[in-house]
Amino acid sequence: MRLRRGMTGIDVLHETTGTWVDLRAAGGEELPSGIVEFLGAGERARDMAHDLVDRAVAAGTATASTSFAALPFEPRSLRCFAGWDQHWHQAAEQMVRRNLPAVVPLAKAFQAIARKPFPPLRPGSAAVEHPIYYTGNHLSVVGDGDPMVWPAYTELLDFELEFGAVVVRPVVSASTAEAEAAIGGFVVFNDFSARDVQWDEQRNGPFGPVVKTKTFGSSMSAEVVTADEVLPHLTDLRGTVTVNGEVWSETSTRGGRWSLVDGLAYASRSESIGPGELLTSGTLPSGCGMELDRWVRPGDVVRLEVERIGSVTNTVAEPA
């Protein structure tokens, strides 16, 4: 089921006709009016909503023409995971190529002989032992159609193709089964990054490359897809990056080391995580400009899409 934030609560997409239906106007007064709460109500709420939407479309009533807001909900927190080793290797290689070109021949020679990534370009051992993440700025998430923020302190703004999982039930020290049951929906996510700042923070900052590199902004799709539509397919979804109508990259979710279900179980170890918190997947392989060595400029229109989940589109703003 596909949802968005509507004028009176929740709009639901009637998949067969492509019609958006105002759930409250269709008779859903007893159902939760917030998307996180609706997702938390589970199968019963979905079944009721399906029935109401089918009736409304058949009667030609309760049609919703436009959404109320670009953000489907305001995240209560943001945990950003690293899901794919391939992205890490490719991005690190390009970062070194741009900033330490003298190291590139050594890295290539090692990789040719050892047939594995040059050790400094690999994530630390913790990434093999358990999911890794940093805590982002949930207050700087913008919506579909909003400007892609370009902070004044960077000259290398980048996008990152990701998806996010919406937590809808409280968990503490969750098993993987409990973590999966606590995920109610999915969104497409664009994790904006200041790549020149990332290089400086990586080398010189005590907290690594995720402070001013990441916290200034990110974006989320306007639509949320319920978890039952996505979880069975999560390891084999296509992803696409399009800039100004040109496809820059086609990728997929295959080959990840850890899933967001694993991530939620790990993050909840002796820690309470509750409804409305958002976990993001990390960048899909070849899902950012750094990996592609292609860079956006002000005025570019960046569209990120993940099969079955949806898309988020933002126009790159002028530096400010």
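R4 lies over the face of W20, at 4.3 Å from the ring centre; a charge sits over a ring here if NZ of Lys or CZ of Arg is within 6 Å of the ring centre and within 35 degrees of the ring normal. Please keep in mind that this is a predicted model, in which local features need pLDDT of at least 70, side-chain atom pairs count only at pLDDT 80 or more, and totals for chains, interfaces and linings use all residues. Residues are numbered from 1 along each chain as its sequence is written, and side-chain values use heavy atoms, with hydrogens and water left out.

**Aromatic pairs**

A pair of aromatic rings is described by the distance of the centres and the angle of the planes. Rings of Phe, Tyr and Trp (its six-membered ring) pair if their centres lie within 6.5 Å; planes under 30 degrees apart count as stacked, over 60 as edge-to-face and the rest as tilted. By this rule there are 6 aromatic pairs.

W84 lies in the loop between β4 (77-81) and α3 (85-99), while F163 is in strand β8 (residues 161-167), so their pair ties together parts that are 79 residues apart in sequence. Helices (H or I, at least four residues) and strands (E, at least two) are DSSP runs, numbered from the N terminus. W84 is buried at 8% relative accessibility, and F163 is buried at 4%. Buried means under 20% relative accessible area, exposed over 50%, and partly exposed in between (1.4 Å probe, protein chains only). Ring pairs also link W84, F163 and F186 into a cluster.

For the other pair, F192 sits in the loop between β10 (183-191) and β11 (193-194), and F216 in the loop between α7 (195-204) and β12 (218-220). Both F192 and F216 are buried.

**Around L234**

You will find L234 in the loop between α8 (227-230) and β14 (238-243). L234 is buried, with a relative accessible area of 10%. Not counting residues up to four places away in sequence, L234 touches F163, F186 and T253, where contact means heavy atoms within 4.5 Å. L234 and R308 are 74 residues apart in sequence and 9.3 Å apart in space, C-alpha to C-alpha.

**The annotated region**

UniProt lists residues 126-316 as "domain: Fumarylacetoacetase-like C-terminal" in an unreviewed entry. Over residues 126-316 the chain is 19% helix and 35% strand, and the end C-alpha atoms are 35 Å apart. UniProt positions are given in the numbering used here, feature names are shortened, and annotations may be inferred rather than shown by experiment.
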